[in-house]
Each structure stands twice: as C-alpha cells, then as structure tokens.
Amino acid sequence: MHSKYEIDEMISAKAIAARVETLAKEISEHFADTDKLVVVGLLRGSFVFIADLVRELTLPVEVDFLEASSYGNSTESSREVRILKDLRGEIEGRDVLVVEDIVDTGHTLHHVLHLLEARNPKRLMTCALLDKPSRRETDVKADYIGFEIPDEFVVGYGIDYAQRNRNLPYIGAVRFTS
Ligand code: IMP
C-alpha cells in the first residue's frame, strides 16, 4: 500500500456535468415508453453519479442500490465478486438501468448482470461513468459510457482510494510519490 500520492485532474466537474446531461437525454429517449425505470446504483462508487444522472432523466424513476464487493483497500481488482447488499425491490418484468462508476476488469458488472438477468427484467441496460477497456478480462461492455480512460487509478466524483477522495467534484488520476 502506497502512503503518499498526488491527484492530477483528469476530467473536470464541468465536463462531467455536460456528459451526464447528454447520457441522461439518450437514456430518457431509449426508455421513453417506460412506466417506471428502476435505476440500480452499484455502491459505493456510483452514489454521486447516480444522484446527478437521475435528476437529468425525464422519466418516472425508482432508485435502488446493490453492493458488490470490490477492491478492499488496494488497487488490485479481485476476481471474486460477492453481493454484500441486494436490491430492496423486485425487478421481474421491469425496466432496469444498472449504474456503475467504473468498468475495469468487468468482473463486477458481469457478475451483477448475470444475477439480475436471472430475475427476468423486461429490459436490462447498463451505464458506466468511466470505462477502462485496456483492463478488461471479461467480454462485458456498458451500453452507455461517460468517458473512456486509460489504465490509471482514478478518484473523485464518488470514487475512492482506500475510502478517501470520494468527495472531490472532479475525476483525478492518482500519482504515487512513495
Ligand atoms: P471491475 O470488477 O474490475 O470492473 O471493477 C469495478 C470496480 O472496481 C469499480 O466499480 C470500482 O469500485 C473499482 N475500481 C476500478 N478501477 C478503479 C479506480 O481507478 N479507482 C477506484 N476504484 C476503481
């Protein structure tokens, strides 16, 4: 575990807001005929993104959360994905949008989609704020992607490093100095 690091701004708060607005328009158009869209945020990293995204959606929306285990306090991805907190609501026959902060190896999204598909939703789509395609170890790809980024460890806008920096308004790349 590194102790010292600096954060270099990669995506500004303004650029994020503009992209979220565009994504929300596309999603609202896609689900225009829905009676209610269940927006499922994957905790904890998506909490800021989902808060901004749902406020830009022009659809009836229900918000639910699911927590899958991920990194712990390290920057290495674990292949084993466990569900720590399941949805409160039923999704059978419903329109569902899964919202993820980052698709990295893809194991988390792959596992969550497998789990949710088994519950027979009407439509199941995915939206990730960030995508690191060069790190992918599964064939999963989000339907809506905010930004494609290189293989860098990032923080901010809900995303943490060892439970810090989630409150930064922008996305920054972590540069370890020791
Ligand atoms: P995956 O299962 O490897 O796709 O990892 C997905 C999860 O790992 C994300 O939802 C994040 O919580 C975490 N993660 C992946 N890359 C980063 C990063 O650069 N910074 C912080 N967390 C990350």
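## Basis of the model

This is a predicted model, in which local features need pLDDT of at least 70 and side-chain atom pairs count only at pLDDT 80 or more, while totals for chains, interfaces and linings use all residues. Residues are numbered from 1 along each chain as its sequence is written, and side-chain values use heavy atoms, with hydrogens and water left out.

## Ligand site

The ligand is surrounded by 18 residues, and the closest are Asp-101, Thr-105, Gly-106, Thr-108 and Val-154 (a residue is near a molecule or strand if one of its heavy atoms lies within 4 Å of it). This shell divides into 6 nonpolar, 6 polar and 6 charged residues. Here Ala, Val, Leu, Ile, Met, Phe, Trp, Tyr, Cys and Pro count as nonpolar, Asp, Glu, Lys and Arg as charged, and the others, Gly among them, as polar.

β5 (95-103) and α3 (107-117) each supply at least two shell residues, and β5 gives the most, with 4. Helices (H or I, at least four residues) and strands (E, at least two) are DSSP runs, numbered from the N terminus.

## Six-stranded sheet

An open sheet of 6 strands has the order β4-β3-β2-β5-β6-β7, with mixed pairing (two strands pair if DSSP finds at least two bridges between them). β4 (83-85) and β7 (144-148) are at the edges with a single partner strand each, so one side of each has no neighbour in the sheet. Neighbouring strands are turned by 25° against each other on average, direction ignored. β5 and β6 (residues 123-131) run parallel and are joined by 8 bridges, and Val-103 has Asp-131 of β6 as its bridge partner.

Helix α2 (residues 47-56) packs on this sheet and touches β2 (37-43), β3 (61-68), β5 and β6, its direction making about 135° with that of β5. Helix α3 lies across β2, β3, β4, β5 and β6, at about 165° to β5. Contact means heavy atoms within 4.5 Å; axes are lines fitted to C-alpha atoms, for helices over the stretch in contact, and angles run from 0 to 180 degrees between N-to-C directions.

## Arg-136

Arg-136 is in the loop between β6 and β7. Leaving out residues up to four places away in sequence, Arg-136 touches Val-103, Asp-104, Thr-105, Gly-106 and Asp-131. A polar side-chain atom of Arg-136 lies 3.5 Å from the backbone oxygen of Val-103, and one lies 3.3 Å from the backbone oxygen of Lys-132.

## Three-stranded sheet

An open sheet of 3 strands has the order β1-β9-β8, with antiparallel pairing. β1 (5-11) and β8 (154-155) stand at its edges, each with a single partner strand, so one side of each is left without a neighbour in the sheet. β1 and β9 (residues 171-176) are joined by 6 bridges, and Tyr-5 stands opposite Phe-176 in β9.

## Backbone exceptions

Most residues other than glycine have a negative phi, and most peptide bonds are trans. Leu-43 and Arg-44 are joined by a cis peptide bond, with omega about -5°; Arg-44 is in the loop between β2 and α2.

Asn-120, not a glycine, has a positive phi of about 55° and sits in the loop between α3 and β6. Tyr-157 has a positive phi near 50° and is found in the loop between β8 and β9.

Methods:
A polar contact is a pair of N or O atoms within 3.5 Å; within protein, one must be able to donate a hydrogen and the other to accept it, and residues adjacent in sequence count only if both atoms are side-chain atoms.
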